[in-house]
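Work through the exercises below with the sequence and the model side by side. Each task is followed by a solution that goes step by step.

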Amino acid sequence: MTYWHMSLYPNNNKDWNSELELLETKFLIGIGLNKEENNPQIEQFKKMEEGDIVLIKDRFQFALALVKIIGKNEEVEKIDNYLDWFVFRRKIEIITLDIKEKLDFRLPPARLSKSKDKTTNLYQFIDQIYKSNVQIIESTAIIEENTIP
């Protein structure tokens, strides 16, 4: 499992702010406006693996959500210019949409970036959110298991 951070908005639409709507209705993340786009981050996106954890942030450095990759990279021909505006996409499972926190530390400038160094603020931020939400999910499952008649 690898931690990533990703900005999830189209480069050609600076007014777009539908990240949470996209995650909640389409259960997708993605990158790339067209297949011919020469962007090294698209190659990184293709290398992501199922089980990887992604912090979704907006263009203003607000952390919005934490998601888990559950699907392989897909390339589509037809895109929805409103929500799923990207050609390269992966199915996700939502871990939490309840972050909404301004990141007060410096982030790599890339739209998509791995967070491998356990000593960085970004890695620790993702790790803390992930672990606290996993504990909540596991505790809820135990409670539900013990209350089934």
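**Exercise 1.** Which strands do the buried residues of H2 pack against?

Solution. This is a predicted model, in which local features need pLDDT of at least 70 and side-chain atom pairs count only at pLDDT 80 or more, while totals for chains, interfaces and linings use all residues. Residues are numbered from 1 along each chain as its sequence is written, and side-chain values use heavy atoms, with hydrogens and water left out.

Begin with the elements, where helices (H or I, at least four residues) and strands (E, at least two) are DSSP runs numbered from the N terminus. The chain has 3 helices and 8 strands, and from the N terminus on their order is β-α-β-α-β-β-β-β-β-β-α.

Next, find the buried residues of helix H2 (residues 40-47), which include Gln-41, Ile-42 and Phe-45; buried means under 20% relative accessible area, exposed over 50% and partly exposed in between, with a 1.4 Å probe and protein chains only. These residues cover an arc of only 105 degrees around the axis, which puts them on the same side of H2, the arc being that of the directions from the helix axis to the C-beta atoms. As background, an α-helix has 3.6 residues a turn, so residues three or four places apart point the same way.

The strands they pack against are E1, E2, E6 and E8 (112-115), where contact means heavy atoms within 4.5 Å. On the face turned away from the buried side, H2 carries the exposed residues Pro-40 and Lys-47.

Finally, look at the N-terminal end of H2, which is capped by Asn-39 through a side-chain oxygen 2.8 Å from the backbone nitrogen of Gln-41. The buried Phe-45 also has Arg-90 over its ring face, at 5.6 Å from the ring centre; for such a placement, NZ of Lys or CZ of Arg must be within 6 Å of the ring centre and within 35 degrees of the ring normal.

**Exercise 2.** Identify what covers the buried residues of H1, and then describe the residue Phe-27.

Solution. In helix H1 (residues 19-26), the buried residues are Glu-19, Leu-22 and Leu-23. Seen down the axis, the buried residues of H1 fall within an arc of 95 degrees, so they line one face of the helix. Their cover includes the strands E2 (28-31), E3 (53-57), E4 (62-69) and E6 (88-96).

Phe-27 is in the loop between H1 and E2, and takes a positive phi of about 50 degrees just after H1. At 39% relative accessibility, Phe-27 counts as partly exposed. When neighbours within four places in sequence are left aside, Phe-27 is in contact with Leu-22, Arg-90, Lys-91, Ile-92 and Ile-94.

**Exercise 3.** With which strands does E3 pair, and in which sense?

Solution. Two strands pair if DSSP finds at least two bridges between them. E3 pairs with E1 in the parallel sense over 5 bridges, and His-5 has Leu-55 of E3 as its bridge partner. With E4, E3 pairs in the antiparallel sense, again over 5 bridges, and there Val-54 stands opposite Val-67. The hairpin of E3 and E4 has 4 residues between the strands, and in this hairpin Gln-61 takes a positive phi near 70 degrees.

Both faces of E3 are covered, with Ile-53, Leu-55 and Lys-57 buried on one side and Val-54 and Ile-56 buried on the other.

**Exercise 4.** How many aromatic pairs does a search of the whole structure find?

Solution. Rings of Phe, Tyr and Trp (its six-membered ring) pair if their centres lie within 6.5 Å, and planes under 30 degrees apart count as stacked, over 60 as edge-to-face and the rest as tilted. The search finds 5 such pairs. In one of them, the ring centres of Tyr-3 and Tyr-130 are 6.1 Å apart and the planes are at 65 degrees, so the pair is edge-to-face. Tyr-3 lies in strand E1 (residues 3-7) and Tyr-130 in helix H3 (residues 121-147), so the pair ties together parts that are 127 residues apart in sequence.

Technical notes. Polar contact = N/O pair within 3.5 Å; in protein donor to acceptor, adjacent residues only side chain to side chain.
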